[in-house]
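Thanks for asking me to look this one over.

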Amino acid sequence: MTKPPRKPSQPLLGDADAPLRSRPRRRRDPAQSQLLLDPMPARIDPCLALLKPRPPKGPQWAYEVKWDGYRLAIHIEPGGVRILTRGGHDWTDRFPAIAAQAKRLPVSTAILDGEAVVFDELGRSDFGKLQKSLGGRGGKRASWESVSMVFDVLYLDGHDLTETEFTARRHLLEGIVPAGGEEAIRLSEEIEADGDTLFRIACEHGLEGIIAKDRNSTYHGGRGGEWQKIKCTHSDGFAIVGYQRSSSAFGNIRALLLAARKGGQLVYVGSVGTGFKASQALELRAAMDKLKVSAPAVKYTGQRKNLIWIKPKLVAEIEYRAWTHDGKLRHPAYKGLRDPAENAGICEI
C-alpha cells in the first residue's frame with residue numbers, strides 16, 4: 001500500500017491560507033500582437049555625451065569617431081519606418097534613402113540610434129553640407145545623400161535593450177548593420193586604439209573628435225557620463241541676443257552677440273563676426289528682424305555701436321578655441337543656425 005506524501009513542515013509558498021498571486025503582467029499593444037516580450041516604446045530619450053577635455057583611460061572604454069550631424073532614432077515597426085529627431089519630431093520624409101534602407105535590414109522590429117551625416121570629398125562629416133541638403137534651417141527638402149551612422153540598438157524583435165550593457169548591444173548591432181559599404185545606414189565602428197592616440201589622429205585628419213563609451217553601461221537619457229565626447233575644436237550652441245549692423249558686411253551683419261546659460265540665466269559671452277557666407281547672412285538677417293526688441297535679454301556693458309537686440313529664440317552653432325579669463329569666447333566662428341527640431345539647446349557654463 002502506497003504511503004501518502006509527508007506534509008512539509010512549512011508551507012512552500014508562504015502562508016498556506018493566503019491567496020496565491022502571479023507576477024503582474026504588462027498590458028500588450030494589440031497592434032504589436034507578435035511581440036512576446038516588451039512592447040515597443042514610441043520614443044526613447046537619447047543618451048548624450050558629456051564633454052571632457054581628454055579621453056578616459058581603462059579597458060572598460062570603447063572609442064568611436066564623433067560624427068557632426070543630426071541625431072536620429074530609426075524606428076522599424078510593424079507598420080513601417082519612423083525616423084525621429086533628438087527632440088522627437090518625425091523627419092521620416094526628409095531622409096528617404098535612410099528610411100528605404102531601414103526596411104531592408106534583417107529585423108522585424110528595432111530602434112537604432114545614430115547620426116545623420118553628409119560627407120565631404122575627404123570622407124569627413126560636414127554639418128554645413130547636411131543642412132544644405134535639407135534646404136537650410138527650416139527647409140523641407142528631402143536629403144537623398146544623407147547617411148545614418150548607427151552606433152546603438154535600443155530595441156530588437158520584442159526585446160527592450162536599454163537595461164542591457166553596451167557591449168552586448170554592440171554585439172547585436174554588428175549582426176544587423178554591416179560595416180563599410182555605400183548603404184544609407186552604416187555601422188559607426190568601434191576603433192581598437194588607445195584613447196589619446198585615436199584623439200590625436202582624429203584631430204590630424206580634421207575630424208570633429210571622438211566618443212568614449214563605458215562598455216558596462218546601460219542606456220539612459222541625458223548626460224550621465226556613461227558616454228563622453230572629446231572635441232578637437234570646441235563647438236556649442238549659443239543664443240543670439242542681438243547683432244551689430246554694418247552697411248558693408250553680408251546681410252548688413254558685422255557681428256552677432258551671443259549668450260550662454262549660467263545658473264538658469266542668460267549671460268553675454270561675446271560676439272562672432274567670421275564664418276558667414278552671403279546666403280547664410282541674408283537668411284539670418286531675415287530671421288533676426290522678426291525678433292527685434294527694445295532691450296537686451298542679457299546684461300551688456302560693451303562699447304559697440306549700431307546694436308539691434310532680438311529675442312533669444314535663435315541658436316547658433318559656434319566653433320571656438322577656448323574661453324578668455326573674463327568668460328568670453330576666444331576665436332569664435334559661425335557655423336550655422338541649429339534647427340529647433342534638433343533640440344540642441346544652449347551651452348551651459
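Predicted model: local features only at pLDDT ≥ 70, side-chain atom pairs only at ≥ 80, totals over all residues.

1. Leaving aside neighbours within four places in sequence, which residues is His75 in contact with? They are Met40, Pro41, Ala42, Arg43, Gly80, Val81, Arg82, Leu84, Ala110 and Ile111, where contact means heavy atoms within 4.5 Å. His75 sits in strand S3 and counts as buried because its relative accessibility is 1%; the classes are buried under 20% relative accessible area, exposed over 50% and partly exposed in between, with a 1.4 Å probe and protein chains only.

2. Residues are numbered from 1 along each chain as its sequence is written, and side-chain values use heavy atoms, with hydrogens and water left out.

3. Now the overall picture. The protein has five helices and 19 strands; these are DSSP runs numbered from the N terminus, helices being H or I of at least four residues and strands E of at least two. Of its 349 residues, 47% are buried. Among contacts between residues at least 6 apart in sequence, 67% join residues at least 24 apart.

4. On to the cores. A nonpolar core here is a set of buried Ala, Val, Leu, Ile, Met, Phe, Trp, Tyr and Cys residues joined through side-chain atoms within 4.5 Å. The largest has 31 residues, and those touching the most other members are Ile74, Ile76, Phe95, Ile98, Leu112 and Ile185. At least two residues of this core come from each of S3, S4, helix H1 (96–103), strand S5 (110–117), helix H2 (127–133), strand S6 (147–156) and S8. Another core, of 24 residues, lies apart from it and includes Leu258, Phe276, Ala316 and Leu329.

5. Helix H1 deserves a look of its own. Six of its eight residues are buried, namely Pro96, Ala97, Ile98, Ala99, Gln101 and Ala102. These buried residues pack against S3, S4, S5, S6 and S8. Not counting residues up to four places away in sequence, Ile98 touches Leu72, Ile74, Ile83, Ala116, Ser146, Val147, Ser148, Ala184 and Ile185.

6. Ser148, one of the residues that Ile98 touches, belongs to strand S6. Why does Ser148 count as buried? Because its relative accessibility is 0%. Beyond residues up to four places away in sequence, Ser148 touches Ile74, Ile98, Gly114, Glu115, Ala116, Ala184, Ile185 and Arg186.

7. That brings us to Arg186, in strand S8 (residues 185–187). Is this arginine buried or exposed? Arg186 is buried, with a relative accessible area of 14%. A polar atom of its side chain lies 2.7 Å from the backbone oxygen of Glu183. Setting aside neighbours within four places in sequence, the contacts of Arg186 include Phe119, Val147, Met149 and Val177.

8. If you plan to inspect phi angles, here are two entries. Most residues other than glycine have a negative phi. Asp157 has a positive phi of about 45° although it is not a glycine; Asp157 lies in the loop between S6 and strand S7 (159–160) and counts as partly exposed at 36% relative accessibility. His331, also not a glycine, has a positive phi of about 50°. His331 is in the loop between strand S18 (329–330) and strand S19 (333–337), and at 56% relative accessibility it counts as exposed.

9. Last, a loop position. Lys299 is found between strand S14 (292–293) and strand S15 (307–310), and it counts as exposed because its relative accessibility is 74%. Lys299 and Ala259 are 40 residues apart in sequence, and their C-alpha atoms are 10.0 Å apart in space.

Definitions and conventions. Polar contact = N/O pair within 3.5 Å; in protein donor to acceptor, adjacent residues only side chain to side chain.
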